[in-house]
Amino acid sequence: MDIVVCIKRVPATDATIKIAADGKSIDTTGVQFVLNAYDEFAVEQALKIKEQLGTGTVTVVTIGSKDAQKELRDTLGRGADKAVLLTTDQWMHDGASTAAALAAWIKTQPCNLVLCGRQAMDSDNNQLPANLATRLGFACITEVTKLTLENGTFTAERDIEGAREVVTCKTPAVISCHKGLNEPRLPSLKGIMAAKKKPLEEAAAQLPAATVEIVSLTLPPARAAGRIIGNGAAAVPALIEALRNEAKVL
Amino acid sequence: MSNIVVIAEVRGGQLKRPSLEAATAALQLASATGGKVTAIACGANLDAACAELQKSGVHQITAIEGAAFANYSGDAYAKAIADQAKAAGATGVLMAHTAMGKDLLPRVAALLEGSITTYAVAVSFANGSFMATKPVFSGKATMTVRALKAPFCVTLRPNNFAAASGGGSAATTKVAAPGGDLLAVVKEIIAAGGGKTPLQEAKVVVAGGRGLKEAQHFKLIEDLAAAFGPGVAAVGASRAVVDAGWRSHSEQVGQTGKVVSPPLYFAIGISGAIQHLAGMRTARTIVAINKDADAPIFKVADFGIVGDAFEIVPALTQAIAAIVASK
Ligand SMILES: Cc1cc2nc3c(=O)[nH]c(=O)nc-3n(C[C@H](O)[C@H](O)[C@H](O)COP(=O)(O)OP(=O)(O)OC[C@H]3O[C@@H](n4cnc5c(N)ncnc54)[C@H](O)[C@@H]3O)c2cc1C
Ligand SMILES: Nc1ncnc2c1ncn2[C@@H]1O[C@H](COP(=O)(O)O)[C@@H](O)[C@H]1O
């Protein structure tokens, strides 16, 4: 199976976000960037499927800045065969145009399976995999927490409100990966050495016209300072009073 | 003039409440554009859902009905809805950001070649442009975008708009669900035990953390949730207790779990790490119970009690139960 894994370089989860002077982007000085946590599950799943089948290729792709070489190398160190960086200077928050550009590129590749994370932890979109699958005409299962492949059929589980859905599909497919799916391996020392010889190709991303533009990026209003009602169980009546008469939630 | 479509989510014949919240946003947009709102629902038997949609004040209802649509199918629903949205002349398509909404609307947007903004907390139409506002960077910033391409497709955060209840007598047009092969097929829906309230729809979330010390002590958290009466409260958990195997990941609140925005959130024995805050900081009222007066959770909590959860929570459960019983 020829597998394409889509990844994104995003700020670390504990990064402090500051707004840049233009009011439309973040100030990245001092911000540590990492491989999007959910994309680690996608990379791991691709490697597992290749191991299960004993054949196939794993190609990792991102649309991002030159700096994303670091995250791509990281995935090569884990065992991916090839990495492709489609370069742009823009922050890719526009899901529809990202999906269009990825779809156009994937159509030029041997590919029966696309694996994605469920959500990129910068724009927090949770939309690209389903949008991409539709453009490719591929089957799609999103937010998968369990996945098996038997006789060419994928069986996936996903959480919905108050229940779990069991969904099946065949290739070609796009599957987005959620926490719980697997335990991502880290790059091994041997893997890191091997990664240096693996191909990392670069080309300018062919992005269509933007479908949305940022008007403003602001910090959310700080929550008004709360107050400590008191200590221990003796404070319960005062809490109930506050919830009823101040917050009016009881 | 431009018409707005709201996609109504129906599961097992039942209209989901967040769809009525999305209808509110659709009606607001339509009054700004001078257009009408069409609600589109998919399912096997939609009569009850359509009757409820009628009370919401939408102008038209399209029911795509048939045995083939009994279970959700992303590819089949998306195609049928996109066709109807085109027929309705939609320049905006809205849906609640639920498991179905986040899977379905990006597909509809792709078929319609529109823009797509997910998890919006506000939408507007002014000077000929649609705009949407959404949290980004796990709620550490707020982004407002202008749509440059029609239609404007948006999923909306639940518990953020009032449910539409404008009344009216919208006519329902029934459309036969198209048959044909599905790319992905839902084989089974396994209900979580005991008709639990879904975390993201709950009016109250009672969340526990490592401060509870042991898995079995989550009984305290479950009892407090139960005290609010049936269907009101859901149990949440910090990642520390999910990683420890005390609770399932489906209950995890935070950056790598669920994002919830209930009217009332209890954080009990939870320190308030930034990744946890990312999942609950937009709750309307936050109550923290923690024995450490310096725990960061107190910086976001509206009301806090410092002390031992094992002593405070049972007293709180009793007090809540008494209030609920007196109603
Ligand atoms: C990439 C990444 C993603 C993450 N995603 C998430 C996420 O989605 N959700 C999440 O929650 N975390 C997430 N985390 C983990 C997060 O950083 C914290 O480690 C976690 O939230 C801590 O859980 P906790 O508050 O239960 O435990 P602790 O931090 O150990 O806090 C326990 C608290 O209980 C209090 N306590 C102890 N005994 C009592 C008592 N008897 N009565 C009352 N209070 C008591 C203590 O004072 C303390 O404040 C993530 C971390 C990373 C690196
Ligand atoms: N710029 C990008 N390049 C490659 N893949 C991406 C990009 N943005 C998002 N993805 C993939 O799509 C998933 C969901 O992202 P999103 O819909 O943006 O939240 C991510 O986890 C990645 O797998």
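The following legends describe close-up views of a predicted model.

**View 1. Domains of chain A.** The domain assignment divides chain A into domain 1, covering 2-204, and domain 2, covering 220-250. Taken over C-alpha atoms, the centres of domain 1 of chain A and domain 2 of chain A are separated by 43 Å.

**View 2. Ligand 1 lies between chains A and B.** Around ligand 1 there are 27 residues, of which K213(B), S238(B), T256(B), S271(B) and Q275(B) come nearest.

**View 3. Polar contacts of ligand 1.** This view shows contacts made by G211(B), S271(B) and A309(B). From S271(B), a polar side-chain atom lies 2.7 Å from an oxygen atom of ligand 1. The contact of A309(B) involves a backbone N or O atom, which lies 2.9 Å from a nitrogen atom of ligand 1. For G211(B), a backbone N or O atom is found 3.4 Å from a nitrogen atom of the ligand. On its own, ligand 1 has 1,000 Å² of accessible area, and the protein covers 79% of this area.

**View 4. Ligand 2 sits in the largest cavity.** Ligand 2 is surrounded by 21 residues. The closest of these residues are C6(A), D39(A), A120(A), N126(A) and L128(A).

**View 5. Polar contacts of ligand 2.** Backbone atoms of G117(A), A120(A) and N125(A) are shown with ligand 2. A backbone N or O atom of A120(A) is placed 2.7 Å from an oxygen atom of ligand 2. At G117(A), a polar backbone atom lies 2.9 Å from an oxygen atom of the ligand. The corresponding distance for N125(A), again from a polar backbone atom to an oxygen atom of ligand 2, is 3.3 Å. Taken alone, ligand 2 exposes 480 Å², of which the protein buries 99%.

**View 6. Cysteine C116(A).** Over all chains, a search of the whole structure finds zero disulfides. C116(A) accordingly takes part in no disulfide, and the nearest cysteine sulfur, that of C6(A), is 4.0 Å away. A disulfide requires a pair of cysteine sulfur atoms within 2.5 Å. C116(A) counts as buried because its relative accessibility is 3%.

**View 7. Cysteine C42(B).** The closest cysteine sulfur to that of C42(B) belongs to C50(B). These sulfur atoms are 11 Å apart, which is too far for a bond. C42(B) has a relative accessibility of 3% and therefore counts as buried.

Methods
Residues are numbered from 1 along each chain as its sequence is written. Chains are lettered from A and ligands numbered from 1 in the order in which they are written. This is a predicted model: local features need pLDDT of at least 70, side-chain atom pairs count only at pLDDT 80 or more; totals for chains, interfaces and linings use all residues. Side-chain values use heavy atoms; hydrogens and water are left out. Buried means under 20% relative accessible area, exposed over 50%, partly exposed in between (1.4 Å probe, protein chains only). Domain bounds come from an automatic or database domain assignment. A residue is near a molecule or strand if one of its heavy atoms lies within 4 Å of it. A polar contact is a pair of N or O atoms within 3.5 Å; within protein, one must be able to donate a hydrogen and the other to accept it, and residues adjacent in sequence count only if both atoms are side-chain atoms. Accessible areas come from the Shrake-Rupley method with a 1.4 Å probe; for residues, only the protein chains shown count as cover. On a 1 Å grid over the protein atoms alone, a cavity is a set of points where a 1.4 Å probe fits but cannot get out, and a pocket is an open set with protein on both sides within 12 Å along at least five of seven lines; lining residues have an atom within 4 Å of a point. A molecule sits in a cavity or pocket if more than half of its atoms lie within 2 Å of its grid points.
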